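The model is shown below.

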Amino acid sequence: MKIAFIGLGNMGGGMAANLVKAGHEVNAFDLNEEALGRAEASGCKTFDNVRDAVDLVDAVVSMLPNGAIVKSVYTGDVIGFAPEGALFLDCSTIDVETAREVAKLSAEAGYEMVDAPVSGGIAAANAGTLTFMVGGSDAAFARAGEVLKPMAKAVIQAGAIGSGQVAKMCNNMLLAIHMIGTCEALAMAEKNGLSMQKFFEISSKSTGYNWSLNDYTPAPDVGANSPADNDYAGGFASALMLKDLRLAMAAADGSHANVPLGRHAAEIYEAFVAAGNGGKDFGAIFTTL
Ligand code: NAD
């Protein structure tokens, strides 16, 4: 297939490279010259504007920072410029409302669209092992598979358009909650005379087991290897977790969902990032406890 890829940053760069490896012809556009240079080195054809990049493609994939940018790119330069019938896949993490609005505008102009946000960080983007949660019609989901599979460990249909974003924000709200809970339990074990390693050995095989404890242990030199063992460098930045929690809280407010722990987790990450820790892995909350 011929695919336009817009937004080749930390995530998009590796994703586009995997589409090239799978034999697709990839037209790349990014505002950032360095990102474009890396895309070219990985085999993409580069363009200096979106309209030329989407000319004659079968599909458009976007991996952009936020909903306002996604909306401006699609309404300004993709809708009406990509060939009729091209499939649009927005893999960015954005608010549900914008995802639905852009899909509606696309549908009115004759394009099918899916929201397909991802779970998995930069390493998974590079390795082609992301989990995609896809919102859209059955027909659009069926078409999306061929584009998403070379970048994926799993491609899961969430439901109607916007459902991928709902899944993503609920997943990351849960992730923030069990990360903070895991940090609290590790610190409390130690303060009460039980080593963190021993607590890990017990709880990771007991009812306290969860991904943050078992696979991403947030205390240095305890349990699984994680960014905690590298001074919280790399991994999933606290600023990105905060971005996702803000999206979740906005959706909770809009839907009158009662999320006391999610709200508290958002407050904790707000304070942590405001204190200058936005670049640290989100497990670094452990250091505040
Ligand atoms: P990034 O900032 O590294 O990349 C975004 C890219 O978009 C940049 O290269 C930027 O130049 C480009 N861009 C911005 N505006 C543009 C425009 N108008 N036209 C073309 N290009 C434009 O961010 P990232 O870490 O790659 O994240 C991208 C998306 O993936 C975000 O929505 C993020 O929430 C989501 N996400 C990130 C991670 C992660 O671990 N980094 C994990 C899951 C999901």
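**Briefing on the predicted model**

S204 sits in the loop that runs between α9 (196–203) and α10 (211–214); helices (H or I, at least four residues) and strands (E, at least two) are DSSP runs, numbered from the N terminus. This is a predicted model, in which local features need pLDDT of at least 70 and side-chain atom pairs count only at pLDDT 80 or more, while totals for chains, interfaces and linings use all residues. Residues are numbered from 1 along each chain as its sequence is written, and side-chain values use heavy atoms, with hydrogens and water left out.

**S204**

- S204 is buried, at a relative accessible area of 10% (buried means under 20%, exposed over 50%, partly exposed in between, with a 1.4 Å probe and protein chains only).
- A polar atom of the S204 side chain lies 2.5 Å from the backbone oxygen of F200.
- Leaving out residues up to four places away in sequence, S204 touches F199, Y209, L213 and N214 (contact means heavy atoms within 4.5 Å).

**S92**

- S92 is placed in the loop between β5 (87–90) and α5, and is buried with a relative accessible area of 1%.
- The S92 side chain makes a polar contact of 2.6 Å with the side chain of D90 (a pair of N or O atoms within 3.5 Å; within protein, one must be able to donate a hydrogen and the other to accept it, and residues adjacent in sequence count only if both atoms are side-chain atoms).
- The side chain of S92 also reaches the backbone nitrogen of L64, at 2.8 Å.
- Residues touched by S92, not counting those up to four places away in sequence, are S62, M63, L64, V70, P117 and Q165.

**Largest pocket**

- The largest pocket has a volume of about 1,300 Å³. On a 1 Å grid over the protein atoms alone, a pocket is an open set of points where a 1.4 Å probe fits, with protein on both sides within 12 Å along at least five of seven lines, and lining residues have an atom within 4 Å of a point. Grid points are joined across faces, edges and corners, and a volume is the space filled by probe spheres set on the points.
- Its lining has 44 residues, of which M11, M63, G120, F236 and L240 lie nearest the centre.
- At least two lining residues each come from α4 (67–78), β7 (118–119), α6 (122–127), α8 (163–191) and α11 (238–255); α8 gives the largest share, 6 residues.
- By class, the lining has 25 nonpolar, 14 polar and 5 charged residues (Ala, Val, Leu, Ile, Met, Phe, Trp, Tyr, Cys and Pro count as nonpolar, Asp, Glu, Lys and Arg as charged, and the others, Gly among them, as polar).

**Second largest pocket**

- The volume of the second largest pocket is about 210 Å³.
- Among its lining residues are D95, E97, R100, M169 and L247.
- α5 (96–108), α8 and α11 each supply at least two residues of this lining, with the largest share, 5 residues, from α11.
- The lining divides into 6 nonpolar, 2 polar and 3 charged residues.

**Strand pair**

- β1 (residues 2–6) is mostly covered, with 4 of its 5 residues buried.
- β1 pairs with β2 (residues 25–29) in the parallel sense over 5 bridges (two strands pair if DSSP finds at least two bridges between them), and I3 stands opposite V26 in β2.

**Positive phi**

- Most residues other than glycine have a negative phi.
- D221 has a phi near 60°, and is exposed at 68% relative accessibility.
- Y232 has a positive phi of about 60°, but is buried at 6% relative accessibility.
- D221 is in the loop between α10 and α11, and Y232 is found in the loop between α10 and α11 too.
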